[in-house]
Amino acid sequence: MDLGIRGKRALVCAASKGLGRGCAEALAEAGVALVLNARGAEALEATADAIRQKFGVPVTTVAADITTEAGRAEVLAAAGDVDILVTNAGGPPPGMWSDWDRDDFIRALDANMLTPIALMKALLPGMIARGWGRVVNITSASVRSPVPILGLSNSARAGLTGYVAGTSRQVAPFGVIINNLLPGIHDTDRAESLDRGVMAAEGVSMEEARKARMQTIPARRYGQPSEFGAACAFLASQHAAFMVGQNILLDGGAFNATM
Ligand code: NAP
């Protein structure tokens, strides 16, 4: 399918690895020029090179922490006018409800709620002025179904989801489409670090920890970043013009519900 976005320009945040990289690759395959961000320059440059070589699109890199005001300013200055924004950042650490104080919540809200909101606030006016834009926010399956040890994530992402629900309807009249993608368990470094937590807590091997988690997923496997990226590219495409403010779950059927 031709996604109709060849020649557009996208900013993909937190994109040197995992789900962000999956989104960057799928957009590059559709012919989109990229601005990629992550904190670590080495992995970021390696990813950018691999994408340039494989897909032949221009890729600009900005090594910066997207959750800080200074980092965002650097990224936005390099990005300039973009047609497509994919927001993403690392997820907050796991723990118990009783572990977290105000500062922990402020950090989680900054990273997973206020950062995507700040990026949208900066880039939506240009999209509106040009009469075309797409925003895809990487949130989490925990928005639909809580992961109890990820209370910081559950809270911050629920806030972002509420913001998108209203804002997406305010910008839709101008050809600007905002949707959220909700990953269930995907095969990335993040999933591995959570599996390591299970290993330590339950005294099991990595293989046993993975196997047990796969049993909770009807598809009986973890998702792949490439599958996630394909869904992101669709939401960024011309074909998603009538999908407004949706929360699309990619979880292999793990969330058990009729609708
Ligand atoms: P990942 O494999 O650990 O990759 C994270 C990427 O984000 C890396 O490129 C990392 O590079 C970059 N990054 C992290 N913090 C950043 C920051 N502050 N500023 C800029 N770049 C940053 O993680 P993932 O699995 O792709 O997860 C992406 C998001 O989806 C996370 O918020 C995660 O909580 C959420 N999620 C993941 C899953 C899953 O199963 N994988 C499920 C539900 C939700 P640097 O470290 O060099 O910055």
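## An aromatic pair

The structure, which is a predicted model, holds one aromatic pair. Its partners are Trp-100 and Phe-105, whose ring centres lie 6.3 Å apart and whose planes meet at 85°, so the pair counts as edge-to-face, given that planes over 60 degrees apart fall into that class.

## The chain as a whole

Eight helices and seven strands make up the list of such elements in the chain. The C-alpha trace spans about 55 × 40 × 40 Å along its principal axes.

Of the 259 residues of the chain, 46% count as buried. When contacts between residues at least 6 apart in sequence are considered, 72% of them join residues that are at least 24 apart.

## Surface and charge

The chain has an accessible surface of about 12,200 Å², and carbon and sulfur atoms account for 55% of this area. The chain carries 24 positive and 25 negative charges, and the mean position of the positive charges lies 6 Å from the mean position of the negative ones.

Asn-154 belongs to helix α5, which covers residues 151-171. With a relative accessible area of 15%, Asn-154 is buried. Leaving aside residues up to four places away in sequence, Asn-154 touches Ser-142, Pro-146 and Val-147.

## Two loop residues with positive phi

Ala-14 is not a glycine, and yet Ala-14 has a positive phi of about 50°. This alanine, Ala-14, is placed in the loop that runs between β1 (9-12) and α1 (18-29).

Arg-220, a residue other than glycine, likewise has a positive phi, with a value near 55°. The loop that holds Arg-220 lies between α7 (206-214) and α8 (225-235). Because its relative accessibility is 44%, Arg-220 counts as partly exposed, a class that lies between the buried limit of 20% and the exposed limit of 50%.

Methods
Residues numbered from 1 in each chain as written. Predicted model: local features only at pLDDT ≥ 70, side-chain atom pairs only at ≥ 80, totals over all residues. Heavy atoms only, no water. Helix = DSSP H or I, 4+ residues; strand = E, 2+ residues; numbered from the N terminus. Buried < 20%, exposed > 50% of the residue type's maximum accessible area, 1.4 Å probe, protein only. Contact = heavy atoms within 4.5 Å. Areas by Shrake-Rupley, 256 points an atom, 1.4 Å probe, with all protein chains shown as cover. Lys, Arg positive; Asp, Glu negative; His and termini not counted. Charge placed at Lys NZ, Arg CZ, Asp CG, Glu CD. Phe/Tyr/Trp six-rings, centres within 6.5 Å; stacked < 30°, edge-to-face > 60°.
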